[in-house]
Amino acid sequence: MSDHADDHPAFAWRRPDVSWRRRLDDLLPWLLSGPLVALYALFLGLPLLRLVRLSLDDEAWIGANYAAVFLDPTYRTALVTSLAIAALVTAVAVVLGLFMAYFIARRDLPGERVIVAVISFPISLPGILVAWAVIVLVGRTGVLTRAAAAVTGGDPSGYSVAFGLVGLLIGYVYFTLPRTTMSLVGAIEKVDPTVEEAARSLGASPRQTFRHVTLPAILPGIASAVVLAFSVSMAAFGTALLLASGTVDILPLKIYSVILGTYDYGAGSAMAIVLTAITVGVIYGYARLFGGAVYE
């Protein structure tokens, strides 16, 4: 019997049933993502729900803890200081990162892989080690502190800036700069160099070429670097704990002190939710404006 006979409805039982394979193919992505969804639900969803519940648990009224975050001078100062430090660190890290990224992306550097590995190295460091590096450099007996004292003949303690706002800014820039640099390197490498060469051949100066050709093309990359640096600076804790505890009042340290110092879980949870909303809101805003993820 010919193969065409299988097309007759009477021989439908002889044709392979592919519907179950198609259904399995449709279900496979959901099945493979199941463990990841379970992990997110367990380690992110449940803690967030618990935080929300604690933040709303107040004897006065249901939103009292959130009102305190914005109206209580102590909490409001910590929030404003965190926003100001994150904005300043972001500006410095993105500007410096843009220069470094442009140099790396547009120059054929000998040992470029080694240079990129060295620049990227601080990304893998925990915050405590970053703080320790700052102390080693500009602490009371730091390398740069003693060098400055030896040159000027002054007291080394007068040049120590590790513990306080300056040390905190140095630490934050130290671990955000590699992130912004590598993010911008990827953005600049996507720009076709022949377009920049064409602009220069038409008489544009390097500055005009960067402003009118390169900058518009890498704007989403700059926005990604801004979001990355700002969100990391807002939520960083380990570096701040070692360098700024007791001297600079920022939101992560305030949450830590309120929960472990006064056991005010309601206020601490409300501040944690506000901090989460700010960082997630910035990332969501980027996705709405430029599309895609920050880490692309």
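## Exercises on a predicted model

Ala148 is partly exposed, with a relative accessible area of 24%. Keep in mind that this is a predicted model. Let's work through some exercises together.

**Exercise 1.** Find where Ala148 sits, and work out why Ala148 counts as partly exposed.

*Solution.* Start with the location: Ala148 belongs to helix H6, residues 143-152. Next, recall that buried means under 20% relative accessible area and exposed means over 50%. The value for Ala148 is 24%, so Ala148 is partly exposed. Finally, look along the chain to Gly158, 10 residues away: the two C-alpha atoms are 9.6 Å apart.

**Exercise 2.** Decide whether Thr209 is buried or exposed, and list what Thr209 touches.

*Solution.* Then list the contacts, leaving out residues up to four places away in sequence: Glu196, Ala199, Arg200, Ala204 and Thr214.

**Exercise 3.** Identify the buried residues of helix H2 and say how they are arranged.

*Solution.* Within H2, residues 64-71, the buried residues are Ala64, Asn65 and Val69. Now look down the axis of H2: these residues fall within an arc of 150°, so they line one face of the helix. To finish, find their partners: the buried residues pack against helices H1 (19-56), H3 (73-106) and H12 (265-290).

**Exercise 4.** Compare the span of H12 with the expected one.

*Solution.* H12 has 26 residues, and at 1.5 Å a residue the expected span is 38 Å. From first C-alpha to last, H12 reaches 37 Å, close to that value. Just after H12, Gly291 has a positive phi of about 75°.

Technical notes: Residues numbered from 1 in each chain as written. Predicted model: local features only at pLDDT ≥ 70, side-chain atom pairs only at ≥ 80, totals over all residues. Heavy atoms only, no water. Buried < 20%, exposed > 50% of the residue type's maximum accessible area, 1.4 Å probe, protein only. Helix = DSSP H or I, 4+ residues; strand = E, 2+ residues; numbered from the N terminus. Arc of directions from axis to C-beta. Contact = heavy atoms within 4.5 Å. Expected span 1.5 Å × (residues − 1).
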